Amino acid sequence: MEARRRETQPSQPLKLSKQLAFDDDATKASDALPLPLYVTNTVFFTLFFWVVYFLLTRWREKIRNSTPLHMISFSEMLAIFALFVSLIYLLGFFGIEFVQSIIRPSSDMWADDGEEDDIALQKEDARKVPCGQALDCSLPAPVAAPSPETEKLPTPKVSDEMPDPVTTEEDEEIIKGVVAGTTPSYSLEAKLGNCKRAAAIRREALQRLTGKSLSGLPLEGFDYESILGQCCEMPVGYVQIPVGIAGPLFLDGREYSVPMATTEGCLVASTNRGCKAINLSGGATSVLLRDGMTRAPVVRFGTAKRAADLKQYLEDPMNFETVSAAFNKSSRFGRLQNIKCAIAGKNLYLRFSCSTGDAMGMNMVSKGVQNVLDFLQTDFPDMDVLGISGNYCSDKKPAAVNWIEGRGKSVVCEAIIKGDVVRKVLKTNVASLVELNMLKNLTGSAMAGALGGFNAHASNIVSAVYIATGQDPAQNIESSHCITMMEGINDGEDLHVSVTMPSIEVGTVGGGTQLASQSACLNLLGVKGANKDSPGSNARLLARVVAGAVLAGELSLMSAISAGQLVKSHMKYNRSNKDAAKAS
Ligand code: ADP
């Protein structure tokens with residue numbers, strides 16, 4: 001089987017592109033139908049069964065009345081005609097589908113005739129491509145000549161730079177070792193020294209172990225070295241998420257094209273509409289109120305009195321210099337701002353807040369906190385450090401402390417939308433928007449006991465921008481805290497709209513930001529990497545853009561709800577007839 005794989009290897013990209021062409025270009029009869037497929041199918045099915053019933057009834061009557069069968073009335077002629085028409089339709093539709101389902105697997109160039117294991121897997125999983133071959137799903141290499149700009153970007157290593165992932169007997173041995181459990185899957189990168197090969201082998205072993213195909217999950221076209229020890233362990237491929245662009249968003253006198261990675265239809269279109277309304281009204285303005293990442297360890301003492309002693313020590317301004325010297329030595333960029341203490345019995349929670357340059361800063365603040373705890377141990381030897389994070393930080397959980405005190409960047413973004421724009425672009429009016437905002441975002445959220453959720457859908461925009469720009473999507477929780485305010489101004493003619501977001505946690509260095517795709521999106525916004533002249537200003541600008549995009553998203557969704565368009569537009573963008581036909 002290995003030999004056969006080697007033989008077929010050179011022509012596989014061609015075969016794949018042929019297969020893709022087959023899949024994409026195959027014109028179905030249903031494409032020509034004027035109505036949605038399910039409507040036509042229902043009509044012909046009903047017609048067919050009704051006509052059959054009618055003819056059978058007529059036949060029975062003729063036999064009872066001894067009428068000759070060849071004496072056909074006009075209605076019977078019509079029924080016979082309808083029978084033929086519906087039969088031709090149903091045969092044409094389902095017959096072709098059936099024949100295609102038989103022909104397709106045999107036209108699949110990768111169909112295996114070989115090993116028993118593979119056959120068993122195919123049976124179990126009913127997949128078209130056997131395990132090993134699923135690894136060879138090379139994507140066609142891009143042919144466009146690189147522009148000077150794209151040349152500068154880190155490009156993922158493509159398949160022709162590396163040996164074929166699973167072709168050798170040695171690989172086969174390693175796969176067997178992983179399947180048998182003698183070679184730990186996590187050790188493959190270190191053992192092989194080639195991250196792509198490690199991913200391919202792990203993927204194959206996983207498919208054999210689970211009997212499930214990963215053939216839709218791409219392996220090729222990704223730089224596996226770039227995530228090693230940073231972003232993801234034990235990779236077997238990557239998920240593709242489309243990136244749409246909302247904008248330009250006119251914010252603080254500059255235009256931004258906002259990248260949004262999402263699979264939610266309507267979201268980008270809606271945010272784009274909000275951007276248009278903002279632009280036509282002269283743009284939005286943002287203010288950054290604070291910038292500090294937090295980490296709060298929990299420490300325990302023998303008595304509440306001792307816990308209070310440490311609280312008093314840390315909150316005394318006289319000691320701040322000493323403590324911050326210990327904190328700041330961990331990084332050039334991490335600078336201690338303050339420590340907020342809270343006591344629960346004899347346990348003390350120390351919420352350290354620090355500036356972190358262009359990094360989102362979790363690692364940076366944690367290192368600083370560790371230094372301070374080590375330092376404090378000298379004066380407070382009875383302090384028992386229970387955890388570097390005691391949830392008073394609070395990371396990736398809804399918590400009032402972030403809503404009230406802020407975490408990461410606290411930003412307010414506002415705009416004055418002209419009454420004319422509200423009517424023509426947003427298709428509603430100022431009074432309706434103000435009323436809806438009061439009853440939905442403020443009162444409705446209060447009734448629901450919301451924590452930071454006084455908005456329509458801030459998390460939609462935050463998540464999409466976060467995924468596109470390599471932020472930690474789990475921090476969407478506190479980053480989406482937002483209160484949306486709307487007020488009629490100029491005698492109710494124009495709309496003042498604002499979003500206040502106290503805990504936007506973003507960075508332009510570290511984590512997923514350095515990966516090729518995410519870095520390209522940051523580049524589009526002009527905030528890629530570290531800002532050499534003014535460390536921290538790239539991350540702060542990104543936070544302002546997030547708030548600006550949220551402002552656009554809030555405006556548009558609130559308008560759609562106010563104008564009663566929400567369901568209609570979702571049906572248009574989320575449930576197109578084309579998609580429904582394809583799915584069926
Ligand atoms: P995080 O703290 O967000 O997890 P990392 O610790 O992974 O981020 O990345 C921050 C790293 O980037 C640190 O090693 C820091 O020294 C380096 N760095 C370089 N330039 C900057 C900058 N302008 N701002 C912040 N960090 C920077």
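Helices and strands are named here as DSSP runs, numbered from the N terminus. The views below come from a predicted model.

Figure 1. Proline 248 belongs to strand β1, which spans residues 243–251. The bond that joins glycine 247 to proline 248 is cis, with omega at about 10°. Most peptide bonds are trans.

**Figure 2. A cis peptide bond at serine 394, in a loop.** Cysteine 393 and serine 394 are joined by a cis peptide bond, and omega is about 0°. Serine 394 sits in the loop that runs between β7 (384–387) and α15 (400–405).

**Figure 3. Backbone of serine 66.** Serine 66 is not a glycine, yet its phi is positive, at about 55°. Most residues other than glycine have a negative phi. The loop between α3 (37–65) and α4 (74–107) holds serine 66.

Figure 4. A polar side-chain atom of asparagine 363 is 2.8 Å from an oxygen atom of the ligand. On its own the ligand has 570 Å² of accessible area, of which the protein covers 74%.

**Figure 5. Crossing of helices α18 and α20.** Helix α18 covers residues 458–469 and helix α20 covers residues 516–525; their axes come within 6 Å and cross at roughly 110°. Angles of 65 to 115 degrees count as roughly perpendicular, so α18 is roughly perpendicular to α20. On the α18 side the contact is made by Ile467, Ala468 and Thr469, and on the α20 side by Ser517, Gln518, Cys521, Leu522 and Leu525. Five of the contact residues are nonpolar and three are polar, with no charged residue.

**Figure 6. Crossing of helices α11 and α21.** The axes of α11 (residues 267–280) and α21 (residues 537–562) come within 7 Å, with a crossing angle of roughly 100°. The two helices, α11 and α21, are therefore roughly perpendicular to each other. Helix α11 contributes Ser270, Thr271, Arg273, Gly274, Cys275 and Ile278 to the contact. The contact residues of α21 are Gly548, Ala549, Leu551, Ala552, Gly553, Leu555, Ser556, Leu557, Ser559 and Ala560. Together, the residues of this contact divide into eight nonpolar, seven polar and one charged.

Notes
Residues are numbered from 1 along each chain as its sequence is written. This is a predicted model: local features need pLDDT of at least 70, side-chain atom pairs count only at pLDDT 80 or more; totals for chains, interfaces and linings use all residues. Side-chain values use heavy atoms; hydrogens and water are left out. Axes are lines fitted to C-alpha atoms, for helices over the stretch in contact, and angles run from 0 to 180 degrees between N-to-C directions. Helices (H or I, at least four residues) and strands (E, at least two) are DSSP runs, numbered from the N terminus. Angles under 35 degrees count as roughly parallel, over 145 as roughly antiparallel, 65 to 115 as roughly perpendicular and the rest as oblique. Contact means heavy atoms within 4.5 Å. Ala, Val, Leu, Ile, Met, Phe, Trp, Tyr, Cys and Pro count as nonpolar, Asp, Glu, Lys and Arg as charged, and the others, Gly among them, as polar. A polar contact is a pair of N or O atoms within 3.5 Å; within protein, one must be able to donate a hydrogen and the other to accept it, and residues adjacent in sequence count only if both atoms are side-chain atoms. Accessible areas come from the Shrake-Rupley method with a 1.4 Å probe; for residues, only the protein chains shown count as cover.
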